[in-house]
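Please look at this structure with me before we discuss it. My notes follow as numbered points, starting from a single residue.

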Amino acid sequence: MTRLASSLFPSLAAPSAYFDRKFKGSRQDFFAAQAVSATLYVGNLSFFTSEEQIYQLFSKCGPIKRIIMGLDRQRRTPCGFCFVEYFHHQSALHCMQFINGTKLDDRIIRTDIDPGFTNDRQYGRGKSGGQVRDEYRKDYDAGRGGWGPGSEADYAAFEMQQEMRLAKQTETYNSVGAGVPMGARDDYYQAEQSQQQAFPSYRSKRREREEEENSNKRREREDEENDGEGYTDEFGRFRRYRNSDE
């Protein structure tokens with residue numbers, strides 16, 4: 001019965017079926033190296049996760065030989081992955097069982113048995129220098145550098161959509177004598193602070209409208225006073241002389 005149950009449920013320590021096409025060797029050599037390797041590939045890390053944080057978590061499964069941080073090929077900064085080398089293969093298997101799929105720095109990380117680290121694998125393989133997965137990412141991920149390189153067209157369309165929405169809102173609210181309230185736009189704009197374009201707030205729009213109205217009234221009053229057909233009362237209001245015919 002125990003054997004039947006073990007065949008129905010795959011082992012959590014089993015490596016994935018991923019094959020690195022840049023591996024120098026055949027598929028058979030790749031999977032044979034995995035079967036005895038004490039090295040782990042760790043992915044989906046935050047760009048801000050430190051080597052000390054990785055060591056603190058992964059050392060719970062066994063003594064660590066070294067940690068190789070994945071770097072952006074151009075900037076030489078962390079780009080979201082690393083390699084963890086243990087002294088024993090069993091420690092890597094324990095890590096697959098107990099750490100794969102857990103959270104580190106508020107991100108769900110994934111681990112896989114690696115055939116072994118070789119020089120130059122610490123650098124990203126993407127065109128921009130980072131990982132290939134970030135080349136096609138179109139969403140906003142604060143832990144992985146903000147907007148992905150593939151989101152420029154979408155982000156431009158997003159900005160245009162925001163401008164059109166703001167213009168429509170401004171027209172609607174101004175038609176009833178009020179500016180666009182702050183809460184009507186904050187929930188829709190989630191871009192990075194450095195990329196945000198400040199929309200006019202309720203107070204600033206109202207202040208501008210009041211100043212314009214006061215300026216128009218003052219100009220009308222001055223024009224009427226120049227006509228000599230009235231006077232200014234003690235409250236600063238212009239009063240017309242009553243026509244004797246009225």
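1. Start with Thr39. Leaving aside residues up to four places away in sequence, Thr39 touches Phe83, Val84, Glu85, Asp112, Ile113, Asp114, Gly116 and Phe117. Contact here means heavy atoms within 4.5 Å. Thr39 is found in strand 1, residues 39-43. Helices (H or I, at least four residues) and strands (E, at least two) are DSSP runs, numbered from the N terminus. Is Thr39 buried or exposed? Thr39 counts as buried, because its relative accessibility is 7%. The cut-offs are under 20% relative accessible area for buried, over 50% for exposed, and partly exposed in between (1.4 Å probe, protein chains only).

2. A word on the model. It is predicted, with local features needing pLDDT of at least 70 and side-chain atom pairs counting only at pLDDT 80 or more, while totals for chains, interfaces and linings use all residues. Residues are numbered from 1 along each chain as its sequence is written, and side-chain values use heavy atoms, with hydrogens and water left out.

3. Now the overall picture. The protein has eight helices and 10 strands. Buried residues make up 34% of its 246 residues. Take the contacts between residues at least 6 apart in sequence: 57% of them join residues at least 24 apart. The accessible surface comes to about 16800 Å². Carbon and sulfur atoms account for 50% of that surface. Accessible areas come from the Shrake-Rupley method with a 1.4 Å probe; for residues, only the protein chains shown count as cover.

4. Look next at helix 4, residues 89-98. Which of its residues are buried? They are Ser91, Ala92, Leu93, Cys95 and Met96. These buried residues pack against strand 1, helix 3 (51-58), strand 3 (78-86) and strand 6 (110-114). In general, an α-helix has 3.6 residues a turn, so residues three or four places apart point the same way.

5. The salt bridges deserve a check. A salt bridge is a side-chain nitrogen of Lys or Arg within 4 Å of a carboxyl oxygen of Asp or Glu. By this rule the count comes to six. Asp20, Asp114, Arg121 and Arg125 are linked in a network of such bridges.

6. Arg121 forms a salt bridge with Asp20, with the closest N and O atoms 3.9 Å apart. This pair links distant parts of the chain, 101 residues apart. Arg121 is in the loop between strand 6 and helix 5 (132-135). Asp20 is in the loop between helix 1 (2-8) and helix 2 (27-34). Arg125 also bridges to Asp20, with the closest N and O atoms 3.0 Å apart. Arg125 lies in the loop between strand 6 and helix 5, and the pair is 105 residues apart. Arg121 forms a further bridge with Asp114, where the closest N and O atoms are 2.8 Å apart.

7. How is the network covered? Asp20 is buried, because its relative accessible area is 6%. Asp114 is buried as well, at 5%. Arg121 counts as buried at 18% relative accessibility. Arg125 is partly exposed, at 38%.

8. Two loop residues come next. Ser46 is in the loop between strand 1 and helix 3. Ser46 counts as buried, because its relative accessibility is 7%. Ser46 touches Asp105, Arg107 and Gly143, not counting residues up to four places away in sequence. Val36 is found in the loop between helix 2 and strand 1. Val36 is exposed, with a relative accessible area of 64%. How far apart are Val36 and Gln90, C-alpha to C-alpha? They are 9.0 Å apart in space and 54 residues apart in sequence.

9. Please inspect two backbone angles. Asp106 has a positive phi of about 65 degrees, although it is not a glycine. Asp106 lies in the loop between strand 4 (103-104) and strand 5 (107-108). Asp106 counts as exposed, at 72% relative accessibility. Asp120 has a positive phi of about 85 degrees and is not a glycine either. Asp120 lies in the loop between strand 6 and helix 5. Asp120 is partly exposed, with a relative accessible area of 40%.
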